[in-house]
Amino acid sequence: MKLKRFLRTSDGSVSVYLIVIIVPIFLFHAVLIDFVRVKLAERETEAALWAANRSMFSRFDRELQSYGLFGIEGNEEESRQVFQTVLDHNLTASSEDSIFNYLDIRSEPEDSYIRPLFTLANHVVFRQQMLEDMKYQAPIEFTMELLDRFKNSGLTKQLAQAAKFHEHANILEEKIKPWNEALEEAWEAAQDFIDRGKRLHLKYSGTLGELHERADRIGLNTADSVRHSIHEVEEGLEKAEEALDSLQQSADSLGSTIALLLMNPEGNAEAINSLYQSLQSTKISISETQRQISEFLQRKYELEELLKDILAYTALLASSQASLEEDYAGFAEQHERLLEKVENARVLNEELRAEKEKLKSSLDNDSFQGYDVLDKIPVYSLEYFSIYKTESAKSLAQFSWLKEKWQSTVFFIGDDYGEISRQLEKMQELLVRFESEQGEKERERQERMNQLEVSDKEHKQKLGDALKELNSMLGQCGMWGSQDPYTALYQRLEGDSNGNPGLYSKYYQYNSDQPPEMSEVYAADRPDQAIKQAVSFSERISNVLTGIRDEIYMNEYALTKFSYRTAKLEAGKGGVPPASHVPSKPLDHPLADQEAEYILYGMNSCASNYSAAYGEMFVFFMAVHIVEGLMDPKKSVLNIGSPLLLFTVVAAQAAIEAVQDMQKLVKGEAVPVLKKVKSLTVYYKDLLRLFMLLHSNDSKMMSRMQALIELNTGKDLTERTTYLQATTSSTVRIWFMPAAMRLMSDLGLLDCGNKNNRCQITKTAVMSY
């Protein structure tokens with residue numbers, strides 16, 4: 001009833017009511033229309049922005065595409081022009097021919113910009129594009145199969161065992177060397193002891209003989225009794241001389257008288273005859289007196305000589321007794337020095353025995369047969385060292401007895417002399433027996449050690465000859481460090497002597513604040529170094545075969561897009577090398593047949609990179625053949641008794657076989673890795689795959705690949721954008737209520753700025769390949 005009455009009333013209330021209702025509805029629709037127009041403008045601006053971005057990204061470098069890489073070609077200004085053109089084309093602008101334009105979107109170029117964020121020089125981007133490309137091309141199944149065959153053949157475990165054997169051999173060698181030196185020092189000390197004993201025997205044998213000879217002459221005489229006898233003889237001699245003088249005077253007087261009487265011989269005949277008889281009797285007395293004097297002189301001489309013998313005997317006895325103390329002290333000191341050397345050798349002998357037994361107890365059933373060499377290590381028993389001590393002690397004790405006996409003996413005659421002489425000879429016999437018995441053992445040891453030294457030199461010479469033959473295989477690049485035809489290219493890659501950085505340094509430092517470090521290189525030049533590298537290689541390869549899928553993709557990229565030593569020798573379909581079908585045309589690159597080697601090793605010459613690759617391949621084959629040699633060594637080699645020399649002998653033969661394998665490998669032929677597993681074969685490229693996994697330095701390898709790409713194409717990857725941010729701005733006119741649009745923009749309902757009383761819409765898009 002009220003509604004009918006309201007509708008029929010004529011006081012104007014209906015009109016007022018309709019006005020109140022219609023105005024809000026009109027305002028609502030006006031705001032809604034502008035809101036929808038702004039939203040449509042936002043959507044269209046965003047769509048135009050993405051279309052413009054796609055247009056820019058469609059201008060990728062066709063030459064880099066052959067490497068599976070995508071980067072925007074041209075400079076930033078060209079890209080901006082394309083961007084703006086496509087953007088304007090996709091925006092609904094007002095048209096003079098159109099009566100009604102629901103949207104009149106106007107581009108604002110001054111508020112639009114493009115910001116490149118990443119280029120192909122960035123390693124993260126470069127790696128991502130490589131992986132994306134190689135997911136569809138890399139023969140990863142083949143590589144994984146190859147690695148699985150390595151695992152299943154037990155080679156990785158055996159290589160680890162070979163490295164362990166070398167470690168054990170070095171541990172034992174560290175014991176054997178000082179052990180042998182200590183034994184040598186002990187034997188030298190023993191020889192010094194024996195020589196000193198022999199000199200003492202010679203010295204006191206001579207002294208004993210002289211004392212015995214003088215004692216025989218002296219008898220029971222003493223110096224005092226001899227001096228008394230000399231005095232008595234001198235007195236008798238004096239009396240005889242006086243009597244001789246008296247008789248001589250008598251004879252002279254008689255002679256004078258007879259001479260006077262002879263003046264009257266006839267008258268004095270009787271007197272002359274009597275005086276003559278007296279003269280004759282006097283001469284007889286003179287002769288007798290002279291004889292007595294001669295006897296006295298002879299007796300005096302004999303007594304004086306006897307006195308000299310007594311004095312000399314006494315002095316010799318005293319000096320010999322005094323020297324015995326000094327000589328015994330020196331002999332005892334020499335004996336102590338010998339015992340010290342022997343004890344040191346014994347301790348080292350026991351340490352060697354303990355280390356040997358420790359290693360034997362740690363072995364399992366799968367250990368190499370080469371460990372049988374442990375049983376041939378000549379560790380000595382304790383009896384060996386006891387002989388040193390007991391035999392030397394006997395000689396010292398014998399000399400000690402001689403010293404005591406000698407000092408207690410006064411006359412070296414009779415039983416005393418005989419006993420001393422016999423004991424002195426017994427000491428000599430002890431020394432000779434000690435020298436003979438122990439010397440024979442020591443000569444055996446020295447001969448064995450000399451044989452080890454000669455054998456070590458001989459087999460290292462064989463290994464050295466194998467290395468020389470390996471170095472002669474470098475082909476067209478010549479030997480280490482020689483000039484090659486690629487010098488100019490390598491200077492561009494690695495820099496020159498004038499300090500100009502190369503492309504490699506450019507890309508490496510683009511991604512790192514640190515200068516690049518030198519890569520590890522297996523340079524086959526010295527036998528000792530080759531053995532160490534083979535052992536190091538064995539340790540590394542046994543731990544590399546896990547978590548490597550992305551590494552394999554990157555390595556396959558290097559081996560697919562770039563050249564290597566045997567790329568032209570590989571036979572594909574129709575006898576054509578597979579590399580000839582690769583879009584990047586690796587066989588035509590200026591750094592011919594060596595790019596993968598450069599990527600791997602980064603040396604500054606063709607010869608250096610080849611030598612590094614050959615060296616590592618040689619070390620690989622050498623390590624494998626060492627495993628085979630240790631698994632089944634010859635008995636003659638086991639009898640050597642030196643684990644380290646056994647390893648050297650096996651390594652020398654392994655080096656010879658490794659060179660033979662290398663000769664086949666560089667001709668593009670497949671080479672069996674193990675003699676007993678013919679199915680496990682590798683090509684040159686396979687080993688490069690393996691070595692890239694071993695070195696696994698993404699930064700260096702990617703920097704070298706980027707450098708090679710710029711070298712081959714002339715394209716600077718720092719100017720090839722792959723990731724950019726584009727921002728554009730457009731405006732649309734507000735038909736009804738601009739203030740309402742600004743309010744909704746402040747509330748976050750719209751992206752609507754104010755520019756010249758138009759709604760400004762700003763959109764940003766980030767896009768990458």
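How far apart in helix α11 are R422 and E419, counted in residues and in helical turns? The two are three residues apart, which means a separation of about one helical turn. An α-helix has 3.6 residues a turn, so residues three or four places apart point the same way. R422 and E419 form a salt bridge, with their closest N and O atoms 2.8 Å apart. R422 counts as exposed, at 52% relative accessibility. E419 is partly exposed, with a relative accessible area of 24%. The model discussed here is predicted.

**Salt bridges**

The structure holds 34 salt bridges.

| Salt bridge | N to O distance |
|---|---|
| R445 and E184 | 2.9 Å |
| R353 and E350 | 3.1 Å |
| R422 and E419 | 2.8 Å |

R445 sits in helix α11 (residues 414-471) and E184 in helix α7 (residues 155-218), so this bridge ties together parts that are 261 residues apart in sequence. The two partners differ in cover. R445 is buried, with a relative accessible area of 0%. E184 is partly exposed, at 24%.

R353 and E350 belong to helix α9 (residues 269-362). They are three residues apart, so about one helical turn separates them. R353 is partly exposed, at 26% relative accessibility. E350 is partly exposed too, with a relative accessible area of 25%.

Salt bridges can also share partners. D61, E63, K715 and R720 are joined into one network in this way.

**Aromatic rings**

The structure holds 22 aromatic pairs. One of them is F70 with Y769, a tilted pair with 5.7 Å between centres and 35° between planes. This pair links distant parts of the chain, 699 residues apart. F70 is in the loop between α3 (62-65) and α4 (76-89), and Y769 is in the segment after β7 (758-768). F70 is partly exposed, with a relative accessible area of 26%. Y769 is also partly exposed, at 29%.

Why does the pair of F620 and F621 count as edge-to-face? Its planes stand at 65°, and the cut-off is over 60 degrees, so the pair is edge-to-face. The ring centres are 5.3 Å apart. Both F620 and F621 are buried.

Ring pairs also build a cluster from F193, Y204, Y328, F331, F399, W406 and F412. Y328 has a charge over its ring: the charged end of K403, 5.4 Å from the ring centre. Elsewhere, R62 lies over the face of F60, at 4.0 Å from the ring centre.

Helix α17 (residues 606-631) has 26 residues. From first C-alpha to last it reaches 38 Å, close to the 38 Å expected at 1.5 Å a residue. Of its 26 residues, 25 are buried, so α17 is largely enclosed by the rest of the structure.

Helix α20 (residues 684-695) has twelve residues. Its end C-alpha atoms are 17 Å apart, which agrees with the 16 Å it should span. Twelve of its twelve residues are buried, so α20 is largely enclosed by the rest of the structure. Just after α20, S696 takes a positive phi of about 45°.

**A nonpolar surface patch**

Which residues make the nonpolar surface patch of about 340 Å²? They are L18, I21, I22 and I25. I22 is found in helix α2 (residues 13-57). At 51% relative accessibility, I22 counts as exposed.

Methods
Residues are numbered from 1 along each chain as its sequence is written. This is a predicted model: local features need pLDDT of at least 70, side-chain atom pairs count only at pLDDT 80 or more; totals for chains, interfaces and linings use all residues. Side-chain values use heavy atoms; hydrogens and water are left out. Rings of Phe, Tyr and Trp (its six-membered ring) pair if their centres lie within 6.5 Å; planes under 30 degrees apart count as stacked, over 60 as edge-to-face and the rest as tilted. Helices (H or I, at least four residues) and strands (E, at least two) are DSSP runs, numbered from the N terminus. Buried means under 20% relative accessible area, exposed over 50%, partly exposed in between (1.4 Å probe, protein chains only). A charge sits over a ring if NZ of Lys or CZ of Arg is within 6 Å of the ring centre and within 35 degrees of the ring normal. Patches are made of residues with over 30% relative accessible area and no salt bridge: like charges are joined within 9 Å, nonpolar side chains (Val, Leu, Ile, Met, Phe, Trp, Tyr) within 5 Å. Accessible areas come from the Shrake-Rupley method with a 1.4 Å probe; for residues, only the protein chains shown count as cover. A salt bridge is a side-chain nitrogen of Lys or Arg within 4 Å of a carboxyl oxygen of Asp or Glu. The expected span of a helix is 1.5 Å times one less than its number of residues.
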